[in-house]
Structure formats: C-alpha cells, structure tokens
Amino acid sequence: MKKIKFFIFIILTLSITYYLIPTDFEKTPPIVYYNANIITLDSANNTFNTMYVANGKIIEIGNKDDVFSRVPKHVEKINLDGKTILPGFIDPHTHFALSMFLYDFYDLSGFKHKNNNEVWSYFKKVVHKTPKNEWIICKGIDPALIENLKVPNIKILDSIAPNNPVVMFSQSLHSYWANSKAFEKAGITKDTPNPSEHSYYQKDSLNNLTGLIAEQEAFKPFIELIKKEVLTSTALTNASTKVMKEYLKNGNTTIVSTGLTINDKKPLLLLQHLSDKSTTFLSSLLEKLNFLPERTQMPRHFIYMRNDMPHLIPETKTVNNDFYNTIGVKLWYDGSPYIGSMYLEEPYLENTFTNNTLHIPERTKGKALIEKQKLKELIKEHHNKGWQLAIHTQGDQAIKDVVDTFYELKNDLDFSSSRHRLEHCLLLPDTTLNKVKELNITPSFHINHLYYYGDVLDTKILGSERTQKILPVNTAIKKGVISSLHADQPMFESNPFKLIATAIKRETKTGKVIGIKEKIDIITALKALTINAAYQINMEDKIGSLEKGKYADFIILDKNPLQVSTDKLDKIKCTATYVNGNKVVF
C-alpha cells in the first residue's frame with residue numbers, strides 16, 4: 001500500500017511539475033531580410049538593403065552580396081520587394097498604467113465629437129442606458145479642443161445623472177469633475193480640507209462644491225473608489241494587452257512610463273510579465289491559472305517611479321535589464337497650462353476663456369509644486385542613489401528654477417553621465433540651453449501642444465509673442481542638446497508619425513504656423529523618436545538605430561518617410577513590427 005501511495009505521489013509531483021514548468025511564446029527563427037530600403041539612422045545615416053537577424057540581434061547589415069556571403073545557406077531569406085525598414089520607435093514619455101486604466105471609459109473627447117451638442121448628447125445616451133447607482137466614468141473633456149464646450153459642473157451633472165455617481169477626466173488629466181453622488185461615495189464634502197494649495201476641490205462663493213477637482217492629489221479618493229468598485233483585475237489585464245498592442249501597431253518597440261500611477265507592487269508583476277525577455281516560474285503559474293494574460297512579444301518597458309510613491313522605488317539602482325526595468329524617479333515641478341498650474345514668468349492672459357472656462361485666477365503665473373530647497377534635496381537624494389530624474393516642467397519659470405537648481409549643485413554632484421530629464425518643455429527658454437547642455441540634461445518635447453492647442457495658446461492663454469517661442473526643438477538640437485518628442489499618452493495617442501509631421505510642419509489644427517524657425521527636417525525628427533530617445537534612457541548602444549550587434553527592434557512601413565510629401569507623413573502605416581527579432585501579432 002505504501003508503495004502504491006508513493007508511486008501516486010511521484011506521478012502527481014511529475015505531472016504538477018510538468019504543468020508548471022515555465023513556457024513561453026515561440027520565437028522568430030534566424031532570417032535574412034533583403035531587397036529592402038533600410039534606413040539605419042546610425043551616425044552616418046547609412047541606408048542598406050539587407051539585414052541578417054538571429055537570436056534577437058542584428059548579426060549582419062549591409063548590401064546583399066556582402067551579407068549573403070556571411071550567412072549560413074540554410075537560413076531563411078525574405079524578399080521585402082523594396083519596402084522600407086526603420087528602427088523601432090521609442091516612446092520616451094507615456095503612461096501605460098493610466099492608458100490601461102482609462103481604456104474602457106466613455107470617450108467625450110474632441111477626437112470623437114465635433115461640438116458641444118455631440119458631447120452632451122452622447123453623455124445623456126450613456127446615462128440613459130446605465131442602471132441606477134452604477135458608476136459612469138468619462139474621459140477626454142477639453143474646452144480647448146471643442147470650441148464653446150459647456151464645461152461640466154456639479155449642477156449640470158446632477159441634473160443629467162441624479163441616480164449615478166459620475167466622474168469625468170479632462171483630456172490633460174490635470175483636472176476632473178464629479179457629481180454629488182460621486183463626492184458622497186468618495187467621502188468628500190464642502191468641509192473636506194484641500195490636500196494642498198495646488199490640488200483642491202473648487203468651491204463657489206457660498207463655499208459649496210462646484211464639481212471641479214484640481215490635480216491628482218485631490219483626485220486620489222476617486223481613483224481608489226474606481227479601482228475598488230469598477231475596474232476588475234480581469235478588465236485591467238485585458239486592457240493591458242490591448243494597450244500594448246496599440247503601441248506596437250504604431251511602431252513603438254519601446255515605451256517609457258514616466259510616473260507610474262499605482263499604489264502597490266502587484267501591477268508590477270503584470271508589467272514585467274508583459275515585457276520581460278523571458279517568463280518566470282511565478283508568472284508562468286499565474287498565466288496558466290488565468291491571472292495573467294498569455295505572453296506574446298510586447299514592447300520593452302522602462303519605468304520612472306513617482307517620487308510620492310517611495311515604497312515602490314528600490315533603494316538603489318542595481319539591476320540591468322534590457323527589456324523591463326525601473327530606471328528613475330518622476331517629479332512634478334509645475335502643472336498644466338489648461339488649468340493655470342503651469343509656472344510662468346509673466347501671468348496668463350485674462351479673458352472669458354481663461355477666467356471663466358478654464359477657471360484660471362486673475363493675474364496668476366502659476367506656482368512651483370515643490371519648494372526649491374526641497375527640490376535640491378530630492379535631486380541629491382535620487383542622484384546619489386543612481387536614479388535618473390524626469391521632472392515635469394512646462395512653464396518658462398519652472399524650467400529656469402529647475403535648471404538653476406541643478407546648476408547650483410554641479411560642484412557637489414557629477415552630472416557628466418546622469419542624463420536627467422525635463423519633461424514637456426512647452427516654454428523652454430533659449431537662455432537656459434547652455435546650462436542644459438553643460439549639465440547633460442535632456443529635454444523631451446510634448447509637441448502635440450502645438451498642433452492641438454497652438455491656436456488657443458496664441459489667442460487666449462499665452463498670447464502671440466510667447467506662443468511663437470513654444471517647443472524650441474530646433475534651437476535645442478542645434479545647440480547640441482539631445483532631445484526627443486512624445487505624445488503623453490493617454491492625453492494623446494502614441495502615434496510617432498503624427499508627432500514627426502507636427503515637428504516638421506509646426507502647424508496647428510487650423511494650419512497656422514507657429515515658430516517657423518523651430519521646424520526640423522525628417523531625419524532629425526526620426527532620430528528624436530529613435531536614437532535620441534534611446535540616449536535618454538541610456539540604451540543608445542543597444543536600440544534606436546539599426547547596426548550590427550544591436551537588438552533587432554525594427555518596423556516595416558507602407559511608405560518611405562524620406563520620399564513622401566510632408567502632408568502625407570502622418571498617413572504612413574506600420575505594416576509589421578519586430579521586437580528582439582520577433583514578429584509581433586497586432
């Protein structure tokens with residue numbers, strides 16, 4: 001009897017072990033891609049026609065006869081019939097977790113609706129079909145994108161949806177609105193103290209809530225409620241793969257989350273499972289139990305943790321991982337121009353739009369979100385632990401403060417290889433660029449400000465003189481400052497060719513040219529989203545250009561961006577995406 005029990009135990013153990021042995025997706029075998037137009041974006045801007053890829057790396061790249069002579073005869077060879085190959089794009093500033101979080105919410109943005117009537121008619125239809133007491137969560141409200149949009153307030157939302165808790169996210173993700181039922185569920189009343197001077201629950205002259213919630217700190221109670229009552233783990237897991245595949249479909253082979261909005265380490269297991277080179281025993285087990293999605297090739301993913309989530313920041317940077325890694329810390333020094341929290345040298349314009357629609361106080365310049373002494377301490381702390389800093393800086397005064405603080409520390413700290421970053425850089429002053437270069441600071445420009453908001457910045461928020469100076473990409477690059485471009489997804493879709501077209505044309509939605517001297521050429525624009533972005537995350541020796549020995553992260557396009565007209569750049573499609581040599585299934 002004992003022998004039978006022992007035998008059964010052995011069989012069960014072997015069966016369970018076999019079931020739990022980590023398995024992974026099938027990798028693409030070695031392949032030679034030839035008869036292609038390969039734009040390498042290397043330092044010499046070489047173009048070749050043949051590339052041999054094996055085990056995730058570029059083994060050979062050059063002209064057909066030379067490469068073929070060095071490739072084993074049995075290796076598969078694919079004729080691309082003249083199609084264009086580019087290095088995979090690198091999104092240097094995105095918000096993957098937030099994109100996943102917002103994925104299934106109702107869209108009220110100017111991308112889906114043309115006017116005020118369409119927005120509110122759609123919202124009323126949503127309310128009509130939603131059962132009583134269920135949450136209604138919307139995204140994309142933006143009076144700058146939809147002219148004459150009636151901005152939400154608590155009275156409007158209560159009148160349309162008296163029986164449902166309602167929350168609306170602005171397109172900029174710096175302001176939010178809620179109705180009475182949502183405030184009640186969040187435990188927020190007119191007597192609730194504001195979290196800070198910069199993040200608050202707006203009140204009217206009678207001290208009643210207006211429905212506006214400014215900045216993220218005040219919105220945290222609502223976020224926690226939504227996570228608890230609306231977003232199931234299954235929904236988030238499904239959204240995670242959909243969002244990743246959308247990055248890939250747009251040609252992004254690497255994404256960089258600048259400020260991961262999570263509260264604990266549990267979501268990190270999902271993120272690592274999606275992007276790491278190989279699976280682990282634990283993630284394989286959770287995948288088989290349907291707690292994690294089935295692994296396929298996804299983009300590389302690098303993360304800057306939020307400074308206000310210290311429990312998620314490792315003590316020191318010790319791990320090197322070319323596929324998934326925490327690489328730095330995100331700080332916010334100022335906020336958004338569309339709520340008045342961008343920090344300026346001179347005040348915002350005063351008019352009905354800024355004062356009454358955007359609720360920007362009169363004569364305001366915005367304010368720093370961190371005291372300068374505290375900023376200095378944070379720079380020291382994180383720099384000495386080996387972390388790269390990515391600092392949200394939109395306004396000219398914010399950028400001057402941050403650059404000056406780094407400059408004050410240059411004799412105490414070695415910035416020669418740190419590559420600390422400035423994020424968004426709407427009004428990066430020309431006068432700071434020499435210091436920026438000396439300090440080895442690298443900016444990433446939120447170029448979509450120009451296309452989507454250039455008109456309203458020009459006429460209603462900043463005025464013509466300041467608006468002509470926004471996003472000085474060409475000036476920065478000519479001064480030797482390595483710079484990148486980004487879309488700030490989910491604020492805007494991470495579509496590299498749309499960013500490239502805007503950086504080249506410098507045109508707003510209505511065709512107005514802003515900052516004509518800041519136009520850049522196509523090669524410079526392509527490099528801003530490939531090799532320059534790779535430099536910003538200390539990966540330029542491994543990704544960002546197509547060179548022998550680098551990872552085989554590349555995309556195949558339906559058109560050659562060096563040959564199409566500027567007006568058609570944003571219509572270029574990515575027909576195939578490869579990460580680590582593996583072809584991706586969209």
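**Tyr106 and its sheet**

I started at Tyr106 and looked up its bridge partner in β10, which is Cys138. The model I'm working with is a predicted one. Tyr106 belongs to β9, and β9 runs parallel to β10 (residues 136-141), with 2 bridges between them. I then traced the whole sheet: 6 strands, open, with mixed pairing, in the order β9-β10-β11-β12-β14-β13. Its edges are β9 (106-107) and β13 (200-203), each with pairing on one side only.

Next I checked which helices sit on this sheet. Helix α4 (residues 116-129) packs there and touches β9, β10 and β11 (166-170). I got an angle of about 165 degrees between the direction of α4 and that of β10. Helix α7 (residues 215-229) lies across β10, β11, β12 (175-178), β13 and β14 (209-214). Relative to β14, α7 runs at about 100 degrees.

Is β18 enclosed or open to the outside? I went through strand β18 (residues 388-393) and found 6 of its 6 residues buried, so the rest of the structure largely encloses it. I also sorted the side chains by direction: Gln388, Ala390 and His392 point one way, while Leu389, Ile391 and Thr393 point the other, and all are buried.

For pairing, I noted strand β17 (residues 324-332) running parallel to β18, joined by 5 bridges. Trp332 stands opposite His392 there. Strand β19 (residues 421-424) is also parallel to β18, with 4 bridges, and Thr393 stands opposite His424. To get from β18 to β19 the chain goes through helix α13 (residues 396-408), and I logged this β-α-β crossover as right-handed.

**Aromatics**

How many aromatic pairs does the structure hold? I have 23 of them in my list. I picked out Tyr452 with Phe492, a stacked pair at 4.4 Å centre to centre, with 10 degrees between the planes. These two come from distant parts of the chain, 40 residues apart. Tyr452 is in helix α15 (residues 448-461), whereas Phe492 is in the loop between β21 (484-486) and α18 (496-505). Tyr452 and Phe492 are both buried.

I also wrote down one aromatic cluster, formed by Phe101, Phe105, Phe169, Tyr176, Phe183, Tyr201, Phe219 and Phe222.

Then I looked for charges over rings. Lys27 lies over the face of Phe25, 4.1 Å from the ring centre. Lys435 has its charged end over the ring of Tyr407, at 4.8 Å from the centre.

**Thr241**

I stopped at Thr241, which is in helix α8 (residues 233-249). Is Thr241 buried or exposed? Its relative accessible area is 18%, and buried means under 20%, so Thr241 counts as buried. Leaving out residues up to four places away in sequence, I found Thr241 touching Leu274, Pro293 and Met298.

**Another open sheet**

Last entry: an open sheet of 6 strands in the order β3-β2-β7-β22-β23-β24, with mixed pairing. I noted β3 (47-48) and β24 (582-583) as its edge strands, each pairing on one side only. Inside this sheet I checked strand β22 (residues 554-557) against strand β23 (residues 574-579), and the two are antiparallel over 4 bridges. For Ile555, the bridge partner in β23 is Thr577.

Key:
Residues numbered from 1 in each chain as written. Predicted model: local features only at pLDDT ≥ 70, side-chain atom pairs only at ≥ 80, totals over all residues. Heavy atoms only, no water. Pairing = 2+ DSSP bridges. Contact = heavy atoms within 4.5 Å. Axes fitted to C-alpha atoms, helices over the stretch in contact; angles between N-to-C directions. Buried < 20%, exposed > 50% of the residue type's maximum accessible area, 1.4 Å probe, protein only. Right-handed = clockwise from strand over helix to strand, strands pointing away. Phe/Tyr/Trp six-rings, centres within 6.5 Å; stacked < 30°, edge-to-face > 60°. Lys NZ or Arg CZ within 6 Å of the ring centre and 35° of its normal.
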